[in-house]
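The sequence and the model come first, and the description follows.

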Amino acid sequence: MANLIKQPGPESRFDRQVRFSPLGPDGQKCLADASVFILGAGALGGVLAQAFVRSGVGRLVIVDRDSVEWSNLPRQILFEDKHAESATLKALAAKASLDRMGGPTIVEAHAAHVDAENIKQLSQGCDLLMDGSDNMETRYLLNDLAVQQDTPWVYAGVVGSSGLVLPILPGAGPCLRCLFPEPPLSGSLETCDTAGVLMPAVGAVASLAAGVGLRLLANPTSMTPRLIEVDAWHGESRSLKVPRNQDCPTCGKAQFPFLEAPITERTLTMCGRDSVQVRGRGAGIDLAQIAQRLTPITSDVQVTGPMLRTNLDGYRVTLFQDGRALIEGTQDKGKALAIYDRFLA
Ligand SMILES: [Zn+2]
């Protein structure tokens, strides 16, 4: 008798989320028609990508410059041991994992360092930009692009057990530079590479960001953007209204310096040497403080006068008092910037 009862088929895939009335069939149609850009396929990016693919967005573009490392596996949900063993490019491993989930989403993955020169092309045609990055430099770039093109984006950041989410609706609320007017001084912020990070914090922050992102696609006018703060260790959360700054250089004065600064202005290949120089953002960095942050991840940190010397990811790195760094052992500007932004920015 039991085998005469017809089980629901693939047409029932999105039944439970369509039953959620604020989304409904109309919202689901919006998702199916949408293209989403995710910058980063790691911790935040992995949870974001899974949320959008499982929810049935039409097209997902995901970009990451790194390859999978063993230390990624506790929180980067698209990757497995085999990817770390073979140091698979995260973009490729992510696409394979996302394609295995099935469903209607077309996943486009790019193994690339996103910068001012390629971000417009990579994100072309996308209705929503999602932050799965691990550094502020990239977020200011996303913010410039989003405000210039009038595309909504969702800022998400996580360190330790807590993080922040801010939906940014150009013209209808604050942008990232209304909240943080200037990039932090080099070495002044904790990062996951220095302070560590927990999987539940990644899950909480990325899930909140994904929820906000889905709502922006389904019903953008229904939202008043607020800054959400959540801590997955202490079990606390709060949300704050962030005022828009009329004098904001980005959304107030339409200046887009991060989008207009080509990669060549941040880096210089040293002639005849296997090294790249990365420019800093001015004087005043605290080398002793940076040395302290780096100590847990590399046993080899020395500060001598106005210079810090260390080894990061197998490259010899010299950081100067003015924020400039020399990365030895590569001529790849993207790789040098990746090291700088992860450990020193
Ligand atoms: Zn602004």
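## Cores, sheets and domains

The largest nonpolar core has 77 residues, and Leu-48, Ala-49, Leu-60, Ile-62, Val-165, Val-205 and Ala-209 have the most contacts inside it. Helix α10 (residues 199-218) gives the most to this core, with 12 residues. A second, separate core of 20 residues includes Val-301, Leu-308, Leu-312 and Tyr-340. A nonpolar core here is a set of buried Ala, Val, Leu, Ile, Met, Phe, Trp, Tyr and Cys residues joined through C-beta atoms within 7 Å. A residue is buried if 20 or more other C-beta atoms lie within 10 Å of its own, exposed if 12 or fewer, and partly exposed in between, with C-beta atoms placed from the backbone. Helices (H or I, at least four residues) and strands (E, at least two) are DSSP runs, numbered from the N terminus.

The model is predicted: local features need pLDDT of at least 70, side-chain atom pairs count only at pLDDT 80 or more, and totals for chains, interfaces and linings use all residues. Residues are numbered from 1 along each chain as its sequence is written.

Ala-49 touches Ile-38, Ala-41, Leu-60, Ile-62, Leu-78, Ala-94 and Leu-98, leaving out residues up to four places away in sequence. Contact means that two C-beta atoms, placed from the backbone, lie within 7 Å.

**The mixed sheet.** An open sheet of 8 strands has the order β3-β2-β1-β4-β5-β6-β7-β8, with mixed pairing. β3 (106-111) and β8 (236-240) are at the edges with a single partner strand each, so one side of each is left without a neighbour in the sheet. From one strand to the next, the twist averages 15 degrees. Strands count as paired if DSSP finds at least two bridges between them. In strand β4 (residues 128-131), Leu-128 and Met-130 point one way and Leu-129 and Asp-131 the other way; all are buried. Val-36 has Leu-128 in β4 as its bridge partner, while Leu-129 stands opposite Trp-153 in β5. Three pairings of strands are listed below.

| Strands | Sense | Bridges |
|---|---|---|
| β1 (residues 35-39) and β4 | parallel | 4 bridges |
| β4 and β5 (residues 153-159) | parallel | 2 bridges |
| β6 (residues 162-168) and β7 (residues 227-231) | antiparallel | 4 bridges |

Helix α3 (residues 43-55) lies across β1, β2 (59-64), β3, β4 and β5, at about 170 degrees to β2. Helix α5 (residues 90-100) lies across β2 and β3, at about 165 degrees to β3. Axes are lines fitted to C-alpha atoms, for helices over the stretch in contact, and angles run from 0 to 180 degrees between N-to-C directions.

**The antiparallel sheet.** Another open sheet has 6 strands in the order β9-β10-β14-β13-β12-β11, with antiparallel pairing. Its edge strands, β9 (267-269) and β11 (301-304), each pair on one side only. β11 is joined to strand β12 (residues 307-312) by 4 bridges, and Val-301 has Thr-310 in β12 as its bridge partner. Helix α13 packs on this sheet, touching β11, β12 and β13 (315-320), and its direction makes about 170 degrees with that of β11. Arg-293 lies in α13 (residues 287-294) and counts as buried, with 21 C-beta neighbours inside 10 Å.

**The domains.** The domain assignment, automatic or from a database, gives domain 1 (12-260) and domain 2 (263-344). Their centres, taken over C-alpha atoms, are 27 Å apart. In the contact between them, 17 residues of domain 1 meet 19 residues of domain 2.
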